[in-house]
Amino acid sequence: MSISRLDDRNVSDPIIRAYMHQAVVAKCNSYDSDLIPHDIAQDEIYRPDLIAQRVWGTDELRWVITRVCGQEDESEALPVGKALFLPEQAWIREQINIYSTSMPELDGTIQSI
């Protein structure tokens, strides 16, 4: 079984993956002008995959929605009406590449957002 290039499991080490999740959440909270706004709708309450499909055109980034909402499990209810500010797909893919090919906490490459 192969995993998508947008899957966070491309970062095999769970500690490094946690650093990546932290960087993604920090970017979403950064108020950068390149973030994509999205308000969670009633029909998306249990559907991070639906939000990802609407925002990026793929459900493979549902893990981003879950993390940005501060949840660990995709089956938890999302807060209806919450305003999300999400990074572009290319930025997320870049982070997956960075964190999957290096050990940022060891080589000093963790960058503040």
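What follows is a quick chat about helix packing and salt bridges in this predicted model.

Q: How do the axes of H1 and H4 cross?
A: Helix H1 (residues 14-28) and helix H4 (residues 89-101) have axes that come within 10 Å and cross at roughly 155 degrees.

Q: So what does that make them, roughly parallel or roughly antiparallel?
A: Roughly antiparallel, because angles over 145 degrees count that way.

Q: And the crossing, left-handed or right-handed?
A: Right-handed, as H1 passes H4.

Q: Which residues make the contact?
A: From H1, Ile 16, Tyr 19, Met 20, Ala 23, Val 24 and Lys 27. From H4, Trp 91, Gln 95, Ile 96 and Tyr 99.

Q: What's the split by class?
A: Eight nonpolar, one polar and one charged.

Q: Switching topic. How many salt bridges are there in the whole structure?
A: The search finds seven.

Q: Which residue does Arg 54 meet in a salt bridge?
A: Asp 43, at 2.8 Å, N to O. Arg 54 is in helix H2 (residues 48-56), while Asp 43 is in the loop between strand S1 (36-39) and H2, 11 residues apart.

Q: Is Arg 54 buried or partly exposed?
A: Partly exposed, at 44% relative accessibility. Asp 43 is partly exposed too, at 41%.

Q: What about Arg 62?
A: Arg 62 meets Glu 74 in a salt bridge, 3.1 Å from N to O. Arg 62 is in helix H3 (residues 62-68), and Glu 74 is in the loop between H3 and strand S2 (83-86).

Q: Which residues are linked in a network?
A: Lys 27, Asp 32 and Asp 34, by salt bridges. Lys 27 is also one of the H1 residues in the contact with H4.

Definitions and conventions:
Residues numbered from 1 in each chain as written. Predicted model: local features only at pLDDT ≥ 70, side-chain atom pairs only at ≥ 80, totals over all residues. Heavy atoms only, no water. Axes fitted to C-alpha atoms, helices over the stretch in contact; angles between N-to-C directions. Helix = DSSP H or I, 4+ residues; strand = E, 2+ residues; numbered from the N terminus. Parallel < 35°, antiparallel > 145°, perpendicular 65-115°, else oblique. Left-handed = near helix turned anticlockwise from the far one by under 90°. Contact = heavy atoms within 4.5 Å. Nonpolar A, V, L, I, M, F, W, Y, C, P; charged D, E, K, R; others polar. Salt bridge = Lys/Arg side-chain N within 4 Å of Asp/Glu carboxyl O. Buried < 20%, exposed > 50% of the residue type's maximum accessible area, 1.4 Å probe, protein only.
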